[in-house]
Amino acid sequence: GECSPPPTIEARVVDVADDAKSVVYAEATPFGPYGPLQDKRVSGCLTLAALSCFVLFMFYVDALSNRSQLHVLQPTDAPTLPPTLMPTTTLDDLKESLASFSSLDDLERVSSPQHSAMFWLANYNTIPIVDSESLAQRFALLVLFYSTCTSTGWLEQSKWLSGDAHECTWGSAIECRKNALGHAVVVRLNLIRNGLAGQLPTEIGLLTNLQSLSLNFNFLQGTIPSELCRVTSMKHLELSGNLLTGILPGSLSSMSDLEIFDVSDNDLS
C-alpha cells in the first residue's frame, strides 16, 4: 500500500535535576502524515464538530420537551352545549328574563312569591334551561310552591326545589311528556290533600302544556286566576274542597278541551 512518511522529531527542552545541570535532549514524538500543525488543526476541527453535534442534540431534546409540555397544557375542546338562559349571575339579569312572565312590582317586592322564585333561580338552580318556555315552566312551579306553602309546609314536598334536578323529577305529583323539540313539559299536576294554602298565582297560566290540574281538598283562598285560560290544552280542572271566593272567570269558557271542571265546595258566586 501507500507508504506513510517517517515520523518527525520534535525537540523539547526538559529540565532535569542531574548534578544540578540542565540537560537538553531530543525526544522523538510521532505525528500524523501532515505534521504537528496540521494534526492540531484536524484535532480542533473534530472537537468543534463534536461540540456542535452536542449543542444541536441538546436543542433537539429541549424542543421535544417543550412540545410535550405544550401538548399536555393544550386545553381540550369544550363539549358543544345547546344555548341556555341559565345560570344567570345577577338578579337584575334574571329579572329582565322574567319580566314577560310576572309584573316588575311582584319581582321586585322581596316578600312576594315571585321574588322568592327569582332569587331561587339566581342562587340555587344549577341545571341549564334551554329556552324561554322551559324557564317559564320552572318559574311557574316555583311561584306555585312559594304562594301555597305556608309555615306548616306541604304534607308532601318530595324533591321540590331540587336545584340540580329537572322539575319533572321533583316528585310523583308532576307528570311530564316530551314535546316536539324533545323537551320535557308538565302535562299533569296532582296535589290533592297536600296542605296547600294561600292563593293560586297568576303564573299558573305559564304551564301551557298542562292537561290535568288537581288541587282538591286543600286550603286555597282568593279567586281563580283568569290566566288559566291560557292553558288551552287543559282537560281536567279540579279545585273542589277549598276556600276559593269570587266569581268564575268568563275567560275559562275558552278552554274548549275541558272535559272535567269541578269547583264545588268553595265560596264561589
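What covers the buried residues of α2? Keep that in mind while we look at the helix itself. One caution: this is a predicted model.

Start with α2, residues 91-98. Its buried residues are Leu 94, Lys 95 and Leu 98. Viewed down the axis of α2, they fall within an arc of 105°, so they line one face of the helix. The face of α2 turned away from the buried side carries Asp 92 and Glu 96, both exposed.

Now the cover. It includes α3 (104-108), α4 (113-123) and α5 (132-148).

Take α5 next. At 1.5 Å a residue, α5 should span 24 Å, and its end C-alpha atoms are 24 Å apart, which agrees.

Ser 134 is buried, at a relative accessible area of 17%; the cut-off for buried is under 20%. Beyond four places in sequence, Ser 134 touches Ile 129, Glu 167 and His 183.

On to the largest nonpolar core. It has 49 residues. Those with the most contacts inside it are Leu 98, Leu 121, Phe 139, Leu 189, Leu 213 and Leu 228. The elements giving two or more residues are α2, α4, α5 and β4 (184-190). α5 gives the most, with nine.

Last, Leu 228. Setting aside neighbours within four places in sequence, Leu 228 contacts Ile 204, Leu 213, Met 234, Leu 237, Leu 252 and Met 255.

Key. Residues are numbered from 1 along each chain as its sequence is written. This is a predicted model: local features need pLDDT of at least 70, side-chain atom pairs count only at pLDDT 80 or more; totals for chains, interfaces and linings use all residues. Side-chain values use heavy atoms; hydrogens and water are left out. Buried means under 20% relative accessible area, exposed over 50%, partly exposed in between (1.4 Å probe, protein chains only). Helices (H or I, at least four residues) and strands (E, at least two) are DSSP runs, numbered from the N terminus. The arc is that of the directions from the helix axis to the C-beta atoms. Contact means heavy atoms within 4.5 Å. The expected span of a helix is 1.5 Å times one less than its number of residues. A nonpolar core is a set of buried Ala, Val, Leu, Ile, Met, Phe, Trp, Tyr and Cys residues joined through side-chain atoms within 4.5 Å.
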